[in-house]
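This report describes one protein model, beginning with a pair of helices and ending with the overall fold. Please keep the sequence and the structure in view while reading.

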Amino acid sequence: MKELIETIVKPLVDFPEDVQVNVQEEDQRVTYQLSVNKNDMGKVIGKQGRVAKAIRTVVYASGSSEQKKIFLEIIE
């Protein structure tokens with residue numbers, strides 16, 4: 001899943017080397033924290049959050065086979 005997020009986000013940004021995905025696993029929940037360069041934040045979020053919503057949709061759909069709830073957070 002981490003590789004999927006990186007594959008989606010890196011072509012969108014100007015600084016792909018700054019893209020980091022951290023994973024936090026709990027009992028019934030997996031949280032992926034996406035961190036990008038401050039200058040790329042607008043590109044990842046998109047107008048009215050459309051790009052972020054699309055990324056989350058793909059991640060949630062690919063993780064639907066797992067028994068845990070998946071969350072994607074975009075952090076600075």
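## Two packed helices

The model is predicted. In it, helix α1, residues 2-9, packs against helix α3, residues 50-62, at an angle of about 155°. The axes of α1 and α3 are 11 Å apart. Angles over 145 degrees count as roughly antiparallel, and α1 and α3 are therefore roughly antiparallel to each other. The crossing of α1 past α3 is right-handed.

Which residues make the contact? On the side of α1 they are Leu 4, Ile 5, Ile 8 and Val 9. On the side of α3 they are Ile 55, Val 58, Val 59 and Ser 62. Sorted by class, the contact of α1 with α3 has 7 nonpolar residues and 1 polar residue, with no charged residues.

## The sheet

The model also has an open sheet of 3 strands. The strand order is β1-β2-β3, and the pairing is mixed. Strands β1 (20-25) and β3 (69-75) stand at the edges. Each of these two has a single partner strand, so one side of each is left without a neighbour in the sheet. On average, neighbouring strands of this sheet are turned by 20° against each other, direction ignored.

As a general point, strands of a sheet pair through backbone hydrogen bonds, and the pairing is either parallel or antiparallel.

## The pair β1 and β2

How do β1 and β2 run, parallel or antiparallel? They run antiparallel, and 6 bridges join β1 to β2, which covers residues 29-35.

Val 23 has Tyr 32 in β2 as its bridge partner. Asn 22 stands opposite Gln 33, which is also in β2.

## The whole protein

In total, the protein has 3 helices and 3 strands. Along the sequence, these follow the pattern α-β-β-α-α-β.

The C-alpha atoms fill a box of roughly 35 × 20 × 20 Å along the principal axes. A compact globule with 76 residues would have a radius of gyration near 11 Å. The protein has 12 Å, which agrees with that value.

How values were computed:
Residues are numbered from 1 along each chain as its sequence is written. This is a predicted model: local features need pLDDT of at least 70, side-chain atom pairs count only at pLDDT 80 or more; totals for chains, interfaces and linings use all residues. Side-chain values use heavy atoms; hydrogens and water are left out. Axes are lines fitted to C-alpha atoms, for helices over the stretch in contact, and angles run from 0 to 180 degrees between N-to-C directions. Helices (H or I, at least four residues) and strands (E, at least two) are DSSP runs, numbered from the N terminus. Angles under 35 degrees count as roughly parallel, over 145 as roughly antiparallel, 65 to 115 as roughly perpendicular and the rest as oblique. A crossing is left-handed if the near helix is turned anticlockwise from the far one by less than a right angle, and right-handed if clockwise. Contact means heavy atoms within 4.5 Å. Ala, Val, Leu, Ile, Met, Phe, Trp, Tyr, Cys and Pro count as nonpolar, Asp, Glu, Lys and Arg as charged, and the others, Gly among them, as polar. Two strands pair if DSSP finds at least two bridges between them. The radius of gyration is taken over C-alpha atoms; the globule rule is 2.2 Å times the number of residues to the power 0.38.
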